[in-house]
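Please consult the sequence and the structure shown below while reading.

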Amino acid sequence: DEPPGKEQIETGNSYSFENVSFHYANEQDIIQGVSFDTPSGVLTALVGPSGSGKSTLLRLMARFWDYQGGHIWMNGKDIREVQTVLALFQTPR
C-alpha cells in the first residue's frame with residue numbers, strides 16, 4: 001500500500017535519523033537504534049559489509065517502506081507526512 005503523506009518537499013533534502021528501528025513482517029529488527037544526519041549539500045556515505053542494512057536505510061529514506069521505531073526527518077518534517085513520488089503522479093491537479 002502507498003504510505004500516506006500530504007506535504008511536498010523541494011530538492012536539496014537533509015535527513016535526520018533518530019533511533020530508527022525497522023523489521024520485515026514478523027521478523028526480528030533488521031535496523032536497531034540507528035541515528036545519523038545527512039545535511040543538505042554535503043556528501044554522505046553509508047559504508048559497511050554486505051547485509052549490514054545500507055540499502056534498507058536508503059529504502060526507508062525513499063519511503064519504499066515505513067520504519068517501526070524512532071523518527072526520520074526530511075528538511076525538518078517527519079517523512080511519514082511527506083508525499084511519495086508515486087503519490088504525486090496520482091494526485092489530481
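Strand 1 and strand 3 (residues 69-74) are paired antiparallel through 5 bridges; strands are DSSP runs of E with at least two residues, helices are DSSP runs of H or I with at least four residues, and both are numbered from the N terminus. Two strands count as paired if DSSP finds at least two bridges between them. The model is predicted: local features need pLDDT of at least 70, side-chain atom pairs count only at pLDDT 80 or more, and totals for chains, interfaces and linings use all residues. Residues are numbered from 1 along each chain as its sequence is written, and side-chain values use heavy atoms, with hydrogens and water left out.

- The open sheet contains 4 strands in the order 2-1-3-4, with antiparallel pairing.
- Strand 2 and strand 4 (77-78) stand at the edges with a single partner strand each, so one side of each has no neighbour in the sheet.
- Strand 1 is also joined to strand 2 (residues 31-38) by 5 bridges, and these two strands run antiparallel.
- Y15 stands opposite T38 in strand 2.
- Strands of a sheet pair through backbone hydrogen bonds, either parallel or antiparallel.

- S16 belongs to strand 1 (residues 15-22), where 6 of the 8 residues are buried.
- S16 is itself buried, with a relative accessible area of 16%; buried means under 20% relative accessible area, exposed over 50%, and partly exposed in between (1.4 Å probe, protein chains only).
- The bridge partner of S16 is W73 in strand 3 and D37 in strand 2.
- The side chains of S16 and D37 also make a polar contact at 2.7 Å. Such a contact is a pair of N or O atoms within 3.5 Å; within protein, one must be able to donate a hydrogen and the other to accept it, and residues adjacent in sequence count only if both atoms are side-chain atoms.
- Leaving aside residues up to four places away in sequence, S16 touches F36, D37, H71, I72 and W73, contact being heavy atoms within 4.5 Å.

**The helix across the sheet**
- The buried residues of helix 1 are T56, L57, L60 and M61.
- These residues lie on the same side of helix 1, because they cover an arc of only 145° around the axis; the arc is that of the directions from the helix axis to the C-beta atoms.
- Strand 1, strand 2 and strand 3 are included in what covers these buried residues of helix 1.
- R63, which follows helix 1, has a positive phi near 65°.
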